Amino acid sequence: MGAYLVKRLLMLIPVLLGVSLVVFGVMSLVPGDPALAILGPYATPERLAELRTELGLDHSWPVRYGIWLGGVLDGDLGRSVSLERPVLEAVLERLGPTVLLASTALLLGTLLGLVAGMVAALRHNQLTDRLVTFGVLLGISIPSFWLGLVLILVFAVWLGWLPVSGMTQVWSDASSLWSVADVARHLLLPSLSLALVAGGVIGRLTRGAAIDVLASAPVRMARARGVPERRVLLVHGLKSVSARMVPVIGLQAGFVIGGAVYIETIFQWPGLGRLLVEAIAARDLLLVQGGVLVLAAAYVLVNLAADLTQHALDRRTRAA
Amino acid sequence: MDRAERLRIIIAAIILMLNGGCDPLRPPGETLVIAQVAEPRSLDPQVTTALNDFRILVNVFEGLVRYRPGTLEPAPALAESWEVSDDGRVYTFQLKDGVRFHDGSRFDAEAVRFNFQRMLDPEHAYHETGPFPLAFFFEAVESIEVVDPLTVRFRLDQPFAPFLSNLAYPAGLIVSPAAVERWGEEVGRHPSGTGPFRFVDWRPGERVRLERFAGYHGLSGQESGGAREDASIGEQAIQLPGQRTNRQAQRHVGQLAKGQTDWQTRRQLQQQAGSATVTQVGIQDGEPVEARIGEARERRVAERSCAKNRTLVYRLIFRPITDPMTRVAELLAGGVDVALELSPDNVAAFRERDGFQVLEATGPHLWFLILNTRDGPLSDVRVRRAVNLAIDPQVLTEDVLRQTAVPAAGPVPAAFDWANNPEVRPYRQDRQAARELLAEAGHGDGLRLRFLVPRGGSGMLAPLAMATAIQGDLARIGINAEIQSFEWNAYLARVNDGLDDDTDIAEMAWMTNDPDTLPYLALRCDASPEQGGFNSGYYCNPKVDALIEQARRATDREQRARLYHQLERAVHEDAPWAVVASWRQSLVAQDAISGLRLEPSFFLRLEQAAKSGCGAAGGFDEAASNGH
């Protein structure tokens with residue numbers, strides 16, 4: 001187990017190296033000049049040339065990549081030109097809100113998906129099943145950014161129940177208890193927009209898995225032995241369904257993190273996704289690089305966690 | 001049924017709980033929330049070049065001079081007065097006495113010198129806190145001399161009339177030297193100036209918060225923002241939320257200095273102040289104004305109108321909201337008070353909607369076509385005039401730019417009202433005359449031209465849509481313009497290098513802060529790309545050169561204005577460009593906000609901003625009723 005964990009963690013290194021190389025290469029193909037972005041369009045050519053030298057932009061991109069990599073080994077991700085501050089500081093500060101948003105969305109999506117899938121499986125081929133399946137399909141096919149805008153329109157603009165955007169009420173600095181409630185109400189709409197998509201996928205797969213499990217020998221045995229139906233569902237059904245769903249949930253974590261990029265922009269959530277969008281618009285290579293690395297690492301780690309959880313839940317994969 | 005009912009009650013209860021039971025989704029009366037378009041890059045006025053950041057900075061910092069509200073004319077700010085030597089090379093500024101930075105340090109001539117040395121002198125101890133992209137605004141400065149603590153003298157290496165305009169630009173805002181020494185490179189995240197609002201905090205991605213600076217010195221009457229229109233402020237019982245008697249005011253300032261005060265103490269002070277018919281202190285024209293509280297209350301009772309009850313805002317919150325749809329939603333929901341840079345469609349919708357106001361300003365901006373005056377058919381002035389006669393700026397600004405711009409005529413944007421020649425009008429569309437000119441020039445059976453267009457870019461408005469509309473106009477006089485489009489940075493690199501011999505037309509836009517800048521950099525014979533200038537069409541007229549040179553050396557503004565009038569006339573006749581439009585920006589605000597003005601510079605000074613309505617003046621009304 002320990003060796004397995006170390007092996008998986010070591011895998012992070014080539015993954016991150018590959019990701020950073022791709023980001024660097026792609027960003028160097030994208031037209032746009034960070035020096036021009038800093039100085040504005042009417043900069044004189046001399047001043048531009050000076051700044052390019054200062055920023056090291058006159059080297060070819062493989063050389064710049066080498067310089068950057070050297071810095072990373074020293075724990076220095078470079079300095080962001082669009083924010084005038086160290087990349088590491090800016091990225092870490094935005095990580096918390098993204099983790100909060102993504103984990104809430106994943107939790108909500110998993111709950112919705114598991115419940116919807118189980119209900120559909122129990123009422124297999126009945127009206128409820130059809131309705132749930134329809135709802136799940138809707139969740140999968142509606143783009144979350146569109147859903148986000150509709151949720152804003154209905155709950156914030158028309159009903160006035162919830163704030164439109166942001167993570168906290170910008171004009172108050174009240175007690176911590178109030179802050180928790182405040183963040184919670186700001187969190188509701190963006191996490192719901194992400195959760196419905198993840199929930200759709202999880203729900204669909206849960207339904208399939210649950211139909212299998214409910215028809216399987218151990219469940220039929222339990223029923224035959226007269227175990228109460230509720231216990232059959234929770235102990236035998238849900239447990240084995242969950243074990244099968246863990247890797248799916250791990251994969252969904254990737255989509256939630258990816259979806260957070262535009263959901264954060266629509267809801268002005270102060271997270272890493274929005275930081276990335278702004279960094280790309282500003283051609284801020286080092287900031288993009290830092291943000292993508294952190295997101296990629298998060299994705300790998302979440303999937304590692306999913307695999308480990310599955311090991312714990314399902315004995316059969318332990319041998320593998 | 002029962003279950004649905006229960007569910008509804010639970011949802012309602014949760015929402016009520018989350019919202020704290022009152023109406024906290026709208027900012028309170030003493031707070032103004034402004035939706036900006038991006039996270040600020042830096043709050044160091046010498047480091048940033050973004051308009052988005054300038055809108056915050058002009059409320060925190062002041063320069064030696066500033067633009068007189070509503071204009072682009074330099075007027076006194078931290079310098080009470082100045083003298084320019086007859087040769088136009090020595091500027092001596094008398095500084096205002098008793099001014100302090102927000103961090104408590106003193107503003108004096110030494111501070112002024114520190115700021116400019118930091119930008120200009122590579123040997124300066126804090127030059128490394130840059131880069132300072134706009135330092136070239138002041139490159140004519142040869143030396144800065146501290147004559148006495150309140151007198152500072154700039155020597156220029158040549159007469160340079162735009163110097164004052166450049167000082168009024170945010171690059172000339174004065175930063176506290178103590179703050180630079182303390183924070184170094186991070187001073188852009190800990191700004192300290194002398195302006196009416198002091199910086200409180202910056203939560204990345206969420207907000208920048210400013211609060212009124214209790215020790216603000218105030219600018220003298222005529223210079224103050226919106227002074228004339230707001231002359232009725234006193235009559236309308238305008239209240240600074242921290243209104244107080246003089247003695248209380250002193251104590252209040254003392255508390256502020258000790259950093260003890262908060263909104264609660266301010267409330268208490270108001271309650272004390274409301275307990276008698278004492279004089280009330282507000283701010284009008286930057287000077288304290290006294291009005292009888294009793295009178296004000298009587299009037300309010302008589303009118304029973306909440307709308308008349310205005311409160312100067314105490315706190316400013318700038319939110320970065322990058323998504324334009326979210327800015328619209330926030331305005332509609334009331335979560336923000338002011339939003340900038342909405343799409344033309346949205347602005348039009350808000351104009352029709354109750355509860356909102358739309359403010360507009362036309363900037364010192366010019367959108368034009370560079371015509372290749374050196375090579376090809378456009379080297380003939382008759383063909384250049386024909387191009388000018390073929391297009392109609394009025395139609396382009398209304399139909400293509402949907403009123404986000406106004407028609408422009410000459411190389412001096414109309415926003416420089418003192419220098420703009422009102423007699424030079426945009427070319428009137430006249431296809432018959434255009435065809436005749438073409439025939440005269442020997443192109444009676446048509447002409448092919450190559451037309452370069454960027455796909456986006458700063459101040460370029462809608463470059464592709466404009467290009468296709470212009471292409472259509474040209475086709476109707478027999479010119480077949482072939483459009484080639486480029487990404488903005490690639491485009492700039494190409495056009496700024498000069499139009500080659502088979503390129504005839506290129507779109508361009510500039511936003512400047514002095515009428516000198518654009519002609520000097522883009523119309524002189526010596527400003528060709530090979531000589532480091534931006535005269536990409538290789539226009540050359542020695543008479544125009546002489547006018548530009550004289551105007552930038554003239555110290556008398558009226559004389560300068562006359563020279564610019566002549567310049568505009570000459571350029572209009574030579575038609576090296578087809579000048580089309582000046583950019584107009586708009587701002588949408590809730591109706592309850594007053595004292596706002598979008599400046600021609602597109603800055604937003606919020607010293608006079610006030611909110612009206614019962615909610616807005618809550619603090620005061622409460623105080624008044626508690627007092628009696």
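Predicted model: local features only at pLDDT ≥ 70, side-chain atom pairs only at ≥ 80, totals over all residues.

I started with residues 312–523 of chain B: 35% helix and 24% strand, with the end C-alpha atoms 46 Å apart. Helices here are DSSP runs of H or I of at least four residues, strands are E runs of at least two, and both are numbered from the N terminus. UniProt, in an unreviewed entry, lists residues 73–220 and 312–523 of chain B as "domain: Solute-binding protein family". Its positions are given in the numbering used here, feature names are shortened, and annotations may be inferred rather than shown by experiment.

Residues are numbered from 1 along each chain as its sequence is written, and chains are lettered from A and ligands numbered from 1 in the order in which they are written.

Next I checked where the chains meet. I found 46 residues of chain B in contact with 45 residues of chain A (contact: C-beta atoms, placed from the backbone, within 7 Å). On the chain B side, α9(B) gives the most, with six residues. By class, that side has 23 nonpolar, 14 polar and nine charged residues. Ala, Val, Leu, Ile, Met, Phe, Trp, Tyr, Cys and Pro count as nonpolar, Asp, Glu, Lys and Arg as charged, and the others, Gly among them, as polar.

Last, I looked up B:F368. Leaving aside neighbours within four places in sequence, B:F368 is in contact with B:M508, B:W577, B:A578, B:V579 and B:V580.

Terms used: Contact = placed C-beta atoms within 7 Å.
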